[in-house]
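Good morning, and thank you for coming. I would like to take you through the charged pairs of one protein model.

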Amino acid sequence: MTQQSTQAILEAQSVTLSYEQHIVAKDLSVDIPEGKFSVIVGPNGCGKSTLLRTLSRLLIPQSGQVLLSGQNIHEQSTRAVAKTLGLLPQSAIAPDGIKVIDLVSRGRFPHQKWFQPWSETDQKAVDMAMHATGIAEFAEINVDQLSGGQRQRVWVAMALAQETSLLLLDEPTTYLDIAHQIELMDLFQDLNRLQGNTLVAVLHDLNHACRYADHLIVMKAGTIIATGAPNEIVTEQLIEQVFGLPCLILDDPISHTPLIIPRGR
Ligand code: ADP
Ligand code: MG
């Protein structure tokens, strides 16, 4: 094993990921740079969610290891990890009949101790998260009565209420209309730029990925094809190689990042 000095806050070292016999990724290594906004893109089924679950300690790699702040994540306690790292899973299911405020409040779990009552700090974190995601008005409503987009924002609020310096987001903008997508992406960018949090998001929209990512991670069939700043790595050849999609790349006139225009067949 090679020891490197790196600024990665989170890293997978030669991990092999599988569901029983089905191997999703073999010998995969990836670094998540501290204080950056990383975005993972790749076709359906290429292993993005599996990688994110592994990086957040939910899945144990068959071989290799995941290091959080230089220490094997599987040798750290659930609570210790949850104080540093929050995960918004791809398709989370809320407990039946739970109210919005109660679901968001569950984000405070890692900060609570059994002998301490709900504190002002807990309440502030929950209020902040609900306001930031624009769901304060739904506080007393049952989660299952919300639209897909509203519900998605409740999950994001729960992850924000956890107040971790590292946040992993699996398709956080699913179900959202374009305005709410941009609003959330801007919120994540603020968390990164203004508060110095490290973010990792799986996104399907390549143009959003190029706009918001400091560090893009491009995956295909369980392997990392390219990593780096979007302006440095995104080319027509790369998009065609990874997605099988002929495209034209222009300069996004607003952000001056790659703007991908599909050519169709
Ligand atoms: P992505 O997030 O990139 O769409 P996933 O990581 O969800 O891809 O899935 C990668 C591969 O693993 C796919 O072939 C998928 O069918 C398989 N897979 C995902 N979750 C499970 C599971 N719980 N059990 C078995 N196979 C799974
Ligand atoms: Mg996925």
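How many salt bridges does a search of the whole structure find? The search finds 5, a salt bridge being a side-chain nitrogen of Lys or Arg within 4 Å of a carboxyl oxygen of Asp or Glu.

First, the conventions. This is a predicted model, in which local features need pLDDT of at least 70 and side-chain atom pairs count only at pLDDT 80 or more, while totals for chains, interfaces and linings use all residues. Residues are numbered from 1 along each chain as its sequence is written, chains are lettered from A and ligands numbered from 1 in the order in which they are written, and side-chain values use heavy atoms, with hydrogens and water left out.

As for annotation, an unreviewed UniProt entry places the feature "domain: ABC transporter" at residues 10-246; UniProt positions follow the numbering used here, feature names are shortened, and annotations may be inferred rather than shown by experiment. Over that stretch the chain is 35% helix and 26% strand, where helices (H or I, at least four residues) and strands (E, at least two) are DSSP runs, numbered from the N terminus.

I turn now to Arg108. Its side chain meets that of Asp122 in a salt bridge, at 2.9 Å from N to O. Asp122 lies in helix α4 (residues 120-132) and Arg108 in the loop between α3 (100-105) and α4, so the pair ties together parts that are 14 residues apart in sequence. Arg108 also forms a salt bridge with Glu163, with the closest N and O atoms 3.2 Å apart. Glu163 sits in the loop between α5 (148-161) and β7 (166-170), so this pair ties together parts that are 55 residues apart in sequence.

Around Asp122, the backbone nitrogen of Ser119 lies 3.0 Å from a polar atom of the Asp122 side chain. Leaving aside residues up to four places away in sequence, Asp122 touches Arg108, His111, Gln112 and Pro117, contact meaning heavy atoms within 4.5 Å.

Finally, Glu120 and Lys124 form a salt bridge of 4.0 Å, N to O. Both lie in helix α4, 4 residues apart, about one turn of the helix. Glu120 is exposed at 61% relative accessibility, and Lys124 is exposed at 55%.

Conventions: Buried < 20%, exposed > 50% of the residue type's maximum accessible area, 1.4 Å probe, protein only. Polar contact = N/O pair within 3.5 Å; in protein donor to acceptor, adjacent residues only side chain to side chain.
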